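Please read them with the structure open beside you.

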Amino acid sequence: MSNELVVLALLMGVVTYPSRALPLLAPGIERLPPRALLYLRLVGPAVLASIAAAETFVQDTAEGANTLHLGIEALGVLACLALVAWRRNLFLGLVAGISVVALARFAGLG
Amino acid sequence: MSAVSVPDLRAARRQLLLDSAGIAVSAIGFGFVFGLAARNAGYSPIEASAMSVFAFAGAAQFAAVGYIAQGLPWLPILVLTFFLNARHLLYSASLAPWLRREPFGQRAAMAHVLTDEAFALAATHFHRVGRADVPGYWIGAVVAVFIPWNLATLAGVLLGGAIPDPSRFGLDVVFPAAMAGLAVGLVTGRRELVAAGAGGAIGVVLSFLLGPAVGIVAGGLIGPLAGMAAPEGRRRMAPDSDLTGLPVDLDGAIADAGAGEAAGAGAAVGVAAADDRHPEPDGAGR
C-alpha cells in the first residue's frame, strides 16, 4: 500500500501554516488591501463549486477523453444542495444525497 | 473589563466544555465522512490520517480527495490549498492581540490547530473571561476538534473497507455532494453566489475541454473575479465551518482584523454571539 500522499499532506500543512501563524507570530502582517480580502473570501465558494460541478458533470473515458455526463449523481448532489440551502445542515444534505442515489440504483435507475 | 476570579474562570471553562461538546459531535460526523471519501479515492489509512493531522482543514482535505481522483498535479493542489485556507489569516489576526504575551513557541503550536471552531470557541471564551486563557484555547482547538476529527477520520477510512461496493449504497456521491454543500455554506451574499456559479460553470466547461487539472483550478481562481465584479448586495448570514458545517462569524474576524482591534469577534459556532466587541485582550490577573 502506497503512502506517498503523506508527503502531499505535509506540504498541504506547510502551505496552510503561514495563514494560521503569521499574524500570531508577526502581528500587523495580516493587513491586506480590502480587494485582496474580498478575493480570498470568494475563493472558497468558487473552488468548492468548481470541484463539485466538475466531479458531477465531467467523466473521463477509458481512452482518456473527457465527456459530459448527466446521471443520478447530479440528482443526489442537487438534493444535498437544496437541503443545505433550506436547513443549513450539511449532514442532513449528505444523507439525502446518498439516499437519493442509493434508492435510484436499487430501483435500477442509475 | 477586569479579569475574572478563579471560580468564574472554572465556570467559564465548564461553559466552554459544554460548547465544545456539540462541536465535537459535528467534527466526528464530518471526520468520518472524510475518512469514507478518502478511502473511496484510494487513500491508505496512513495517508488519510496524515491529511487530518498535518493539513487539518476540512474543505482543503475534501478538495484534495477530488484533486487526487482527477489526477491533478501536486503544485496546483498546493496553490488551491493555500487559497482555500487563507481565511485563517483573519482568525489568527483576530486572536493575536489576546495571545501576544504568550511564549513564541506556544503561539507557534497554537497556530497549527487554529480552525474555524478553535477561533470561534477561543474568541467567545476569551471574551467571557476578559483575558486570554491558554488551557481554554487547547480545550476548544484540540479536545473539541483535533482529536475527534482525527479519530473519526481513522474510523471512516478503516470501517469504509467493510462496505463491499460503496457506490451501490450511493457513497460515491458523498464527495461531490459534500463539496457542493460546503460551497452553499460559504454563500452568504450575492458576490459569493456569483463566484460559486462562475466557478462551477468554468470548472465544468474547462474540465471538459482541457481536463480537470485545468478546469478546477481555473474555476477556483477566476470565479472570485466574477464575484468581485458583481454588486455587493445584502449579506444574509455567517458562513459555515468546513470542519463541522456550523456557522462561524467570519465577518466579525474580518472586521476585527481590518480594524486592528482586539478579539472577541462575536463568533458563533454553536455558542451565543458576544455583544461587546471591544474586550480587553491584555486583561490582568493572568
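What share of the contacts in chain B with a separation of 6 or more comes from residues 24 or more positions apart? The figure is 75%, where contact means heavy atoms within 4.5 Å.

1. Ground rules. This is a predicted model, in which local features need pLDDT of at least 70 and side-chain atom pairs count only at pLDDT 80 or more, while totals for chains, interfaces and linings use all residues. Residues are numbered from 1 along each chain as its sequence is written, chains are lettered from A and ligands numbered from 1 in the order in which they are written, and side-chain values use heavy atoms, with hydrogens and water left out.

2. Chain B overall. Chain B has 12 helices and 0 strands, taking helices (H or I, at least four residues) and strands (E, at least two) as DSSP runs numbered from the N terminus. Of its 286 residues, 60% count as buried; buried means under 20% relative accessible area, exposed over 50% and partly exposed in between, with a 1.4 Å probe and protein chains only.

3. The largest pocket. About 500 Å³ of space lies in this pocket. A pocket here is an open set of points on a 1 Å grid over the protein atoms alone, where a 1.4 Å probe fits, with protein on both sides within 12 Å along at least five of seven lines; lining residues have an atom within 4 Å of a point. Grid points are joined across faces, edges and corners, and the volume is the space filled by probe spheres set on the points. The lining has 23 residues, and E55(A), A69(B), D172(B), F175(B) and P176(B) are the closest to the centre. Both chains contribute: α2 (34-57) and β1 (58-60) of chain A, and α1 (6-40), α3 (58-69) and α9 (174-186) of chain B, each supply at least two lining residues. By class, the lining divides into 11 nonpolar, 8 polar and 4 charged residues. Ala, Val, Leu, Ile, Met, Phe, Trp, Tyr, Cys and Pro count as nonpolar, Asp, Glu, Lys and Arg as charged, and the others, Gly among them, as polar.

4. The second largest pocket. Here the space is about 370 Å³. Of the 21 lining residues, A49(A), V77(A), L81(A), A180(B) and V184(B) lie nearest the centre. Two or more residues each come from α2 and α3 (72-87) of chain A and from α9 and α10 (190-210) of chain B, with α3(A) giving the largest share, 6 residues. The lining has 17 nonpolar, 3 polar and 1 charged residues.

5. The nonpolar core. The largest core holds 96 residues, and M12(A), F62(B), Y67(B), L95(B), Y137(B) and M179(B) have the most contacts inside it. Such a core is a set of buried Ala, Val, Leu, Ile, Met, Phe, Trp, Tyr and Cys residues joined through side-chain atoms within 4.5 Å. The element that gives the most to this core is α2(A), with 11 residues. Leaving aside neighbours within four places in sequence, M179(B) is in contact with L48(A), I51(A), A52(A), A59(B), F62(B) and A63(B).

6. A196(B), in helix α10 of chain B, is buried at 11% relative accessible area. Not counting residues up to four places away in sequence, A196(B) touches P45(A), A46(A), A49(A) and V187(B). V174(B), in helix α9 of chain B, is buried at 5%. With residues up to four places away again left out, V174(B) touches L94(A), I98(A), V33(B) and A37(B). V174(B) and F34(B) are 140 residues apart in sequence, yet 8.9 Å apart in space, C-alpha to C-alpha.

7. Aromatic pairs. Over all chains there are 9 aromatic pairs; rings of Phe, Tyr and Trp (its six-membered ring) pair if their centres lie within 6.5 Å, and planes under 30 degrees apart count as stacked, over 60 as edge-to-face and the rest as tilted. Because the planes of W98(B) and F126(B) stand at 55 degrees, with ring centres 5.6 Å apart, that pair is tilted. Both residues are buried.

8. A backbone check. Please look at F56(B), which has a positive phi of about 50 degrees although it is not a glycine. F56(B) lies in the loop between α2 (45-55) and α3 of chain B, and counts as buried because its relative accessibility is 0%.
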